[in-house]
Structures are given as C-alpha cells and as structure tokens.
Amino acid sequence: MKRNTPIYIAALIAGICCIVASFFFKSEEVKTVSGVLLGVGAGLFGMGVAQLYMKRFEFKHPEHAKQTEIELKDERNTMIRYRAKAKAGDITQWLIMGIAYLSILISAPLWVTLAIVAVFLAHTVIGLYYMNKYQNEM
C-alpha cells in the first residue's frame, strides 16, 4: 500500500503543536478550547504515529503488505465489508432514534431532540438517495 509519509509527519507535528497550544489556555472561559485542542492534538498525534509505524512495518515486511493489498481488493472481501457497513448503518440509524427518545425522557432542550431527529432524517434521505442512484446505475 502506498502511504504518503510527509502528510503523516505533518499530522504528527500538528498534533504536538495542538497539544502544546492547549496548555496555554488556562482560564475558565476558554477551557473548552483547551479541551478541543488537546483532543484534536491527541488524535492527530496518534494517527501520525500509527500510520508511520504501518509504513515502516510494510517496508520491513513487503510480503505481508502485498498480501494485505490483495485481500483489500478481493471482490468477496469487498462485498463482506459493504454488507457490514450497511448493517452497521442500520443499527446506527435506530440507535440515533433511541437517543432521541432518551432525550425526550430526560427533558433535554427541544433543539437537542430536533437536532437528533434531523440527523436521523438526513441519514434516511442520504440512504434513499444512494439506493436510487445505484439502482439506476445497474
């Protein structure tokens, strides 16, 4: 697999910069900014380290990298991945509605419930759009 090393190094450096920057926001008013910077920084740092490690691993074990590439492009594995994504999407859709009902039960603000329902509707509309699109392509 081809991996773009400069992008992962940049993500690693950006993650470190975000983590360091988060320590400069100490006042109570900007505590959320500090938390967001820390979270984004940790995510970028982790992604950069993991991707660079995988690139090194593939360089040391080219036979494993080649086998992984073959398995990734295999039609049967691709079909299995798509079916798994579809099932996960169905489950997620109903979990979103469960969260909407829970927000009603705990008397959350109306905008929270409406935002959750909007996400559910967007998921449904996007699903219908792609079903129609792929049906017309075949």
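Trainee: Hi! What should I know about the model before we start?
Mentor: It is predicted, so local features need pLDDT of at least 70 and side-chain atom pairs count only at pLDDT 80 or more, while totals for chains, interfaces and linings use all residues. Residues are numbered from 1 along each chain as its sequence is written, and side-chain values use heavy atoms, with hydrogens and water left out.

Trainee: Great. How many salt bridges are there?

Trainee: Which residue does Lys 73 pair with?
Mentor: Glu 69, at 3.1 Å from N to O. Helices here are DSSP runs of H or I, at least four residues, numbered from the N terminus.

Trainee: And are they buried or exposed?
Mentor: Lys 73 is exposed at 61% relative accessible area, and Glu 69 is partly exposed at 23%. Buried means under 20%, exposed over 50%, and partly exposed in between, with a 1.4 Å probe and protein chains only.

Trainee: What about Lys 31?
Mentor: Its side chain meets that of Glu 28 at 4.0 Å, N to O. Lys 31 is exposed at 53%, and Glu 28 is exposed at 58%.

Trainee: Switching topic: where does Thr 113 sit?
Mentor: Thr 113 is in helix H5 (residues 110–137), and it is buried, at 9%.

Trainee: What does Thr 113 touch?
Mentor: Leaving aside neighbours within four places in sequence, Thr 113 contacts Ala 100, Ser 103 and Ile 104; contact means heavy atoms within 4.5 Å.

Key:
Helix = DSSP H or I, 4+ residues; strand = E, 2+ residues; numbered from the N terminus.
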